[in-house]
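Take a look at it first, and then we'll go through it piece by piece.

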Amino acid sequence: MKTMRTCLVLCGIIASLGAVALSRAADSQAPPQPAVGPPSAGPSNLAGPPGGGGPPAGGGPPGIDDGQVFPPPTDPHVLEGAWKDVPQPGSTPFMIGLDLPYKPETRALVSRRLELMKKGTPVASAHLTCRPTGVAGALFPMFSVVVLQTPNKLIFLSEEDRDVRTVFLSRPHPKSLTPTYGGDSVAHWEGDTLVVDTVGYNRLGWIDEWGTPHSDKLHMIQRFTKADGGKTLTIATTFDDPVYFTKPFTVTKRWQWNSGARQLENDCAENPRSDAAEGMIFENELFRPVCVQSSDNGKLSSTVTCSKPPKVKP
Amino acid sequence: MSSRLRSVSVTPRALASIAITLMLAGGTTHAAEAQPNERLSGVWMVETPVFRARTLTGTSPPFRPEAARVYQERIAARRAGDTSFDHTTWCASLGVPRLMFVPYPFEIVVRPKQVAFLYEWNWWARVVDMTGAALDVISPTSMGVATGKWEGGTLVVQTKGLEDTTLLDSAGAPHSEQTLITERFELKGADVLQDRITIDDPQTFTRPWETLVTYRRQRNSVIHEDVCLDRIKAGEPSVKGE
């Protein structure tokens, strides 16, 4: 994985969905309605990303099933294993929704970001610029997620290199937290539901890939419940962020047991192609690349050039 | 020990005391041996960071002439301030085995089907498959394809499928995509872990060679989210200590 696959995939999504999902952005300040179903054109890995499809019949796409088939644990308190996100019918991929209780300024911000995407000049997000994906990564993992579980913690490993989420079962939130992209997650069981409580986010991440913001006041509560004999994981996520929203709201997603999935590797920063950053809008100078591999009409330079960056504190 | 115990009268309380003492001393009792593997779990930190990997006898690795030339060129380039050969300059993955050499903590999580290495450096994870499956290489990567097994309390990890754009060490030791890395992780006491690393790459070296790295357990410690790109934006080095 020697390319900025995240960007290639996401930028492809943005490009292909731009015309579809955003065609109704209209001239109003209101965000558009989501498109129905996946786009008819777009990167092939959008419909079936590694780890996101069914087991191939011999010689199929790699990383999905290596012949090791493990049935899901039936114990409702055991989440260990491989899972994949199941896009909800009628939803736009990686979009949390458009009927959220926005504050007026949030509505304007989201509309602006959607319009910029529509023009092919997406706003540089943490995820697009190879930072941890934070909330969006926890909610919309692009590829297979492997969960490890010990008596004291759960660890969610995404294929993306910067998304390792530890959920502590054995301690409360620390009194003093340094804000991070991933926040601080603690959990407890309520019956057969794991309740994960996350605070301590920084102000640099998004809730989804389309520009829905969150602040460092975000309090996210997720309720994980297994169903269908362990084959399905229902995740009801409640967002409470008084900076951007008028009231808390809840979004429910489903993950599917992904037996035998192998994770590939996504070394996002490996090829800092200049054309990946060209056309991006940098709302935050932090995300502007320091090192660039220049590209001339798709022909990549053999060297990466790093500028001495201005001092920008994360 | 056991014959001596049989020859004298020992009360159950004394036996318990001996057992506890032995456990504290390094875990050699049957109770401790029942789950030796779990004891690798925890946060670890390299005792002495390795910049330039050397063999067990302290010599330079047995490079083939062309690899030795590349290695010396890189050492000279870094000294002159040119790190363009080192992709971590722009925060690409450190890769295996270099991740095991740098002064950043990592956490080991031992599970039946996987052993995970969670590195603080740029928040990378490396997952070792423990199922016994024969995993093929889909595409060379910085972490490669890692499979493991337990030999008693020793975790033996074999890694193949390593892309050749990473460096074996921070000095710049090259390697090919045919590299096979074998690591033997063994506890030397409760809080000391050794990784004996064998590097087998006939394209780069005249013979397989070994190196040894020691880690100390970081009790009551956790790894923290590290974002390399934010650090270099702030003017800090991508990997400290280089």
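How many bridges join strand E8 of chain B to E9(B), and do the two run parallel or antiparallel? Eight bridges join them, and the two strands run antiparallel. Keep in mind as you read on that this is a predicted model.

## Strands in chain B

Let's stay with that pair for a moment. E8 of chain B covers residues 192-200, and one of its residues to look for is Thr198(B), which stands opposite Glu210(B) in E9(B).

E9(B) spans residues 209-217 and is also joined to strand E1 (residues 42-46) of chain B. That link is made of three bridges, and here too the strands run antiparallel.

## The barrel in chain A

Over in chain A, nine strands form a closed barrel, in the order E1-E2-E3-E4-E5-E6-E7-E8-E9. The pairing is mixed. Ignoring direction, neighbouring strands of this sheet are turned by 30° against each other on average.

## Where the two chains meet

Now for the contact between the chains. On one side there are 47 residues of chain A, and they are in contact with 44 residues of chain B. Together the chains bury about 3,700 Å², with 60% of that on carbon and sulfur atoms.

There are polar links as well: 17 residue pairs are in polar contact between chain A and chain B, and the count of salt bridges between them is four. A salt bridge to look up is the one between the side chains of Glu107(B) and Lys153(A), at 2.5 Å from N to O. On the chain A side, strands E2 (145-149), E3 (153-158) and E4 (164-168) each supply at least two of the residues that touch chain B. Sorted by type, the chain A residues touching chain B come out as 24 nonpolar, eight polar and 15 charged.

Helix H3 of chain A covers residues 104-118, and Leu109(A) lies in it. Leaving aside residues up to four places away in sequence, Leu109(A) touches Pro213(A), Tyr244(A) and Glu283(A). The C-alpha atoms of Leu109(A) and Thr212(A) are 8.3 Å apart, although 103 residues separate the two along the chain.

Glu283(A) turns up again in a salt bridge, its side chain meeting that of Arg113(A) at 2.7 Å, N to O. Arg113(A) is in helix H3, while Glu283(A) sits in the loop between helix H5 (274-277) and strand E10 (291-292) of chain A, so this pair ties together parts that are 170 residues apart in sequence. Over all chains, the count of salt bridges comes to 26.

Most residues other than glycine have a negative phi, and most peptide bonds are trans. Here are two exceptions.

Cys130(A) isn't a glycine, yet its phi is positive, at about 70°. Look for Cys130(A) in the loop between H3 and helix H4 (134-139) of chain A. In chain B, the peptide bond from Val96(B) to Pro97(B) is cis, with omega near 5°. Pro97(B) is in a loop too, between helix H4 (65-79) and strand E2 (106-110) of chain B.

Key. Residues are numbered from 1 along each chain as its sequence is written. Chains are lettered from A and ligands numbered from 1 in the order in which they are written. This is a predicted model: local features need pLDDT of at least 70, side-chain atom pairs count only at pLDDT 80 or more; totals for chains, interfaces and linings use all residues. Side-chain values use heavy atoms; hydrogens and water are left out. Two strands pair if DSSP finds at least two bridges between them. Helices (H or I, at least four residues) and strands (E, at least two) are DSSP runs, numbered from the N terminus. Axes are lines fitted to C-alpha atoms, for helices over the stretch in contact, and angles run from 0 to 180 degrees between N-to-C directions. Contact means heavy atoms within 4.5 Å. Buried area is the accessible area (1.4 Å probe) that two parts lose on being put together, summed over both. A polar contact is a pair of N or O atoms within 3.5 Å; within protein, one must be able to donate a hydrogen and the other to accept it, and residues adjacent in sequence count only if both atoms are side-chain atoms. Ala, Val, Leu, Ile, Met, Phe, Trp, Tyr, Cys and Pro count as nonpolar, Asp, Glu, Lys and Arg as charged, and the others, Gly among them, as polar.
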